[in-house]
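This report goes through the packing inside one protein chain. Look at the sequence and the structure first, then read on.

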Amino acid sequence: MRVTFMQRSALVAILLLAFVCGLSAQPGANRKGSLKPLTLVKSTPEEAGLSSANLLRADEIINEAIAEKSIPGAVLAVVRGNKLAYLKAYGNKQVYPDTVKMTPNTIFDMASCSKSMGTAIAMMQLLERGYYRLTDPVKMYIEGFEPYVDPQTGKKVDIRMVDLLTHSSGLPPYVAPDIIKKQYGNDKPESLLDWISHCKRDFRPTTDFQYSCLNFITLAYILEKMTGMTLTEYAQKNIFDVMGMKNTSYSPKAQGKSEMMKLIAPTEKQADGSVLLGEVHDPLARVINKGNSGNAGVFSNAEDIAILVAALMNGGEINGARVLGKATIEIMSSVPKETAKLGRSLGWDNYSPYASNNGNILHPTKTYGHTGYTGTSIVIDPVNNISVILLTNRVHPEDKGGVVRLRALVANVVAGSIVR
């Protein structure tokens, strides 16, 4: 059948119209065809492709932990894409000296989650801004920082930036503040840095995994040398304020943040009968580094963390603000090939022995997150586009609570609630 010129013209017009309509129908597309910035919105679980009925089991599990006195209370948040699909508070944020009910906006001492949401993201920003390379030796930034020395051959092997970020440096896990005071006669950060620079290295870098607060304390010192800013100042200006995380800060008590102080859950009871409130629980961070520490010190709440994880799942941007580039996030959350067997990505945990908070259903290698000694946990599964934020103050009032099993059970329930 012959097609006339008019018929051909009409067919072309129809195809063009269909193409243009297809563009405008794309989710988030504007008239020019470019994508609109995603905004974090509150939604029902069903609107985020989750089952409300399934998520009720998470409520039961958390309430059981409270009844067993494993924790005084908790806040759970579930983020799917750009939707805050679940936000609930359970139990009490304080049981000593008075009982105070937990609320969804309660602020927690994030403990070692600070390594990820503070130090790691700050260092990844500096990486993408050209301040250093992952393969740079630490001694480039800290004069006199000693290498590993092979006891058999005497061969020296430098500790690199990537070794600190993946806990494969060989640095000891921790050092008590009393040891620093006894050796140096003071409790200054400079003394701690000197101790780290010269302490025994436990193994050749990259050959083993040893979780170490000293790795991230070292990174914070390096950040200060690179930027001329403390970690507290840098993270506030370049992460928390940029992302609109209004209830997130290092050392809220020392900074006089009175509005934040009203919302903070206390941690451990002290010898004098007081409780730590707005002061970081970790001894090195509190006593030596005065709250400005790479291993701990961030205070935050579920809604603020929801902004951050939504940005990380959305290529670094949410609510019109960007924290990292898309490629940077992919590198940050991927386990380096050189240390693939260790399971740690750059400041996060994918599948190391410490990653039980990921549960058993979320993606086995791409899921990444972190936990905090006080009872906090963040889990991000970029494959299923879902994050689980479980915040407790299990150390209140007497550091006797436990959340290891609870975290995994909740993660499994949230993963099992995905229906589309």
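Two residues are in contact when heavy atoms of theirs lie within 4.5 Å. The model discussed here is predicted.

Asn-238 is part of helix α8. Is Asn-238 buried or exposed? A residue is buried when its relative accessible area is under 20%. Asn-238 has a relative accessibility of 15%, so the residue counts as buried. Setting aside neighbours within four places in sequence, Asn-238 has contacts with Gln-125, Arg-129 and Met-229.

## Helix α3 against helix α8

Two packed helices are described by the angle between their axes and by the distance between the axes. Helix α8 covers residues 231-240, and its axis comes within 10 Å of the axis of α3, with a crossing angle of roughly 75°. An angle from 65 to 115 degrees counts as roughly perpendicular, and α3 is therefore roughly perpendicular to α8.

On the α3 side, the residues that meet α8 are Met-117, Gly-118, Thr-119, Ile-121, Ala-122, Gln-125 and Leu-126. The α8 side supplies Leu-231, Tyr-234, Asn-238, Ile-239 and Phe-240. Sorted by class, this contact has eight nonpolar residues, four polar ones and no charged ones.

## Helix α3 against helix α7

Helix α3 (residues 113-128) also packs with helix α7 (residues 213-227). Here the angle is about 45° and the axes are 10 Å apart. The two helices are therefore oblique to each other, and their crossing is left-handed.

Which residues of α3 meet α7? They are Lys-115, Thr-119, Ala-120, Ala-122, Met-123 and Leu-126. Their partners in α7 are Cys-213, Phe-216, Leu-219, Leu-223, Met-226 and Thr-227. By class, the contact between α3 and α7 has nine nonpolar, two polar and one charged residues.

## The nonpolar cores

The largest nonpolar core is made of 79 residues. Those with the most contacts inside this core are Val-79, Met-110, Met-161, Leu-192, Leu-312, Trp-348 and Ile-378. Helix α11 (residues 302-313) contributes the most to this core, giving 10 residues. A second core is separate and has 26 residues, among them Ala-65, Ile-71, Val-388 and Val-413.

Met-110 can be followed in more detail. Not counting residues up to four places away in sequence, Met-110 touches Met-117, Val-298, Phe-299, Ser-300, Ile-305, Gly-372, Thr-374, Thr-376, Ile-378 and Leu-391.

Terms used:
Residues are numbered from 1 along each chain as its sequence is written. This is a predicted model: local features need pLDDT of at least 70, side-chain atom pairs count only at pLDDT 80 or more; totals for chains, interfaces and linings use all residues. Side-chain values use heavy atoms; hydrogens and water are left out. A nonpolar core is a set of buried Ala, Val, Leu, Ile, Met, Phe, Trp, Tyr and Cys residues joined through side-chain atoms within 4.5 Å. Buried means under 20% relative accessible area, exposed over 50%, partly exposed in between (1.4 Å probe, protein chains only). Helices (H or I, at least four residues) and strands (E, at least two) are DSSP runs, numbered from the N terminus. Axes are lines fitted to C-alpha atoms, for helices over the stretch in contact, and angles run from 0 to 180 degrees between N-to-C directions. Angles under 35 degrees count as roughly parallel, over 145 as roughly antiparallel, 65 to 115 as roughly perpendicular and the rest as oblique. A crossing is left-handed if the near helix is turned anticlockwise from the far one by less than a right angle, and right-handed if clockwise. Ala, Val, Leu, Ile, Met, Phe, Trp, Tyr, Cys and Pro count as nonpolar, Asp, Glu, Lys and Arg as charged, and the others, Gly among them, as polar.
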